[in-house]
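Hi,

Here is the structure I said I would pass on. Have a look at it first, and then read my notes below.

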Amino acid sequence: MSIHPQRPLVDERLQGLAQLDQRSRDIFRRLVETYLDTGEPVGSRTISRILPSSLSPASVRNVMMDLEETGLIYSPHTSAGRMPTNAGLRFFVDALLEVGSISPEERARIDAQMTGTNRSRRVEDVLGEATTLLSGLSHCAGLVVAPKLNARLKHIEFVSLAPGRGLVILVAEDGTVENRTIDLPPGLPPSSLIKASNYLSARMQGKTIAEAQRLMQEEITTLKTELDELTAKVVADGVATWSGNVEEDDRTLIVKGQGNLIENLTAFDDLERIRRLFDDLENKRELIQLLGSADIGEGVRIFIGAENKLFSMSGSSLIVAPYRNSEEKIVGALGIIGPTRMNYARIIPMVDYTARIIGRLIT
């Protein structure tokens, strides 16, 4: 498993992080690990007690002041202990975090849930189960972005919604149903929608959307001769709706377990941050683009706090890994989103392993 690094630390104060002496690194690591475990500011006396070497609280406090000067930690209140900044968490994850393998218990649970059944499942069902599973194991929200399924068509129907507006309904052979709204030509009689439905259903049954679009281009002359101008326009517009020219329409987003984030209120400052995070999760276009960035990396990607503008206000972290098809091509990504105070060492291999399982199941 590899972790795809984010951006280099650009704050001038952080340029000397690589030169931190071993004592400073040990104190910083203990501080971050304690904070991730408790969610509370960590004091010098606490660090002094858990360090393997004998170091007084005063000596620890001096090192912590230096770490604060570099921008790795900060004090939320004058009399409080210290907490890692987003830059500090980034440095911890990139340089100090020891990521092991997924635990045998979690591996067994994932295997049992994802591969322990002989029943036939649709790809979207597999992805949904994986998202729910990751959400439950991590106590965060699970999410996955996948390409729009290219199932073969069984039935196409046009329905009038209102003057000038219609609905295209596509029913696939695997039972999935997708809808799109389209503009209808002024003065279109109801019989034209029936003609359009019959025309497409007769020619497109058993074909994928891509094949249907190619056929429409090839039969453009036939389309215009067999149907009147208005009906022909409805048919052409209905098929073009699935053209994939709009980026967010190319992919499906599944989010499960948002309720887990409410249970982590102690990890967020207040309910307002939860509200902001829910708003972020509703912004599907930007979230799909963010998850899609995993396609350019070979390993797990980690976004911490304000590193990405989508989660800059909600104090959240995203851990995401790509998954591949039988041709070893990256086709999607899955991961979890939760508070920046999460167990990175445990969740990173969990996400990576689940992505690999999905790759085997969808081949």
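Predicted model: local features only at pLDDT ≥ 70, side-chain atom pairs only at ≥ 80, totals over all residues.

Residues are numbered from 1 along each chain as its sequence is written, and side-chain values use heavy atoms, with hydrogens and water left out.

First, the overall picture. The chain has 14 helices and eleven strands; both are DSSP runs numbered from the N terminus, with helices being H or I of at least four residues and strands being E of at least two. Of the 363 residues in the chain, 48% are buried. Buried means under 20% relative accessible area, while exposed is over 50% and partly exposed is in between (1.4 Å probe, protein chains only). If you take the contacts with a separation of 6 or more, 63% of them join residues 24 or more positions apart. A contact here means heavy atoms within 4.5 Å.

Back to α7. Its 15 residues reach 22 Å from the first C-alpha to the last, close to the 21 Å expected at 1.5 Å a residue. That expected span is 1.5 Å times one less than the number of residues. Buried residues in α7 include L193, A196, Y199, L200 and M204.

How do α7 and α8 pack? Helix α7 (residues 190–204) and helix α8 (residues 209–218) meet at an angle of about 110°, with their axes 11 Å apart. So α7 is roughly perpendicular to α8. The axes are lines fitted to C-alpha atoms, for helices over the stretch in contact, and angles run from 0 to 180 degrees between N-to-C directions. Angles under 35 degrees count as roughly parallel, over 145 as roughly antiparallel, 65 to 115 as roughly perpendicular and the rest as oblique.

Which residues make that contact? Y199, L200, R203 and M204 in α7 meet A212, L215 and M216 in α8. They divide into six nonpolar, no polar and one charged. (Nonpolar covers Ala, Val, Leu, Ile, Met, Phe, Trp, Tyr, Cys and Pro; charged covers Asp, Glu, Lys and Arg; the others, Gly among them, are polar.)

The other helix pair I looked at is α5 (residues 104–115) and α14 (residues 344–361), whose axes come within 11 Å and cross at roughly 30°. That makes α5 roughly parallel to α14. On the α5 side you'll find E106, R107, I110, D111, M114 and T115, meeting R346, M350, Y353, T354, I357 and L361 in α14. This contact divides into six nonpolar, two polar and four charged residues.

Now find L153 in strand β5 (residues 153–162). L153 counts as buried because its relative accessibility is 4%. Leaving aside neighbours within four places in sequence, its contacts include M204, G206, I209 and A212. L153 and I209 are 56 residues apart in sequence, yet 7.4 Å apart in space, C-alpha to C-alpha.

Last, helix α6 (residues 123–138): its 16 residues reach 23 Å from first C-alpha to last, close to the expected 22 Å. α6 is mostly covered, with twelve of its 16 residues buried. Just after α6, H139 takes a positive phi of about 60°.

Cheers
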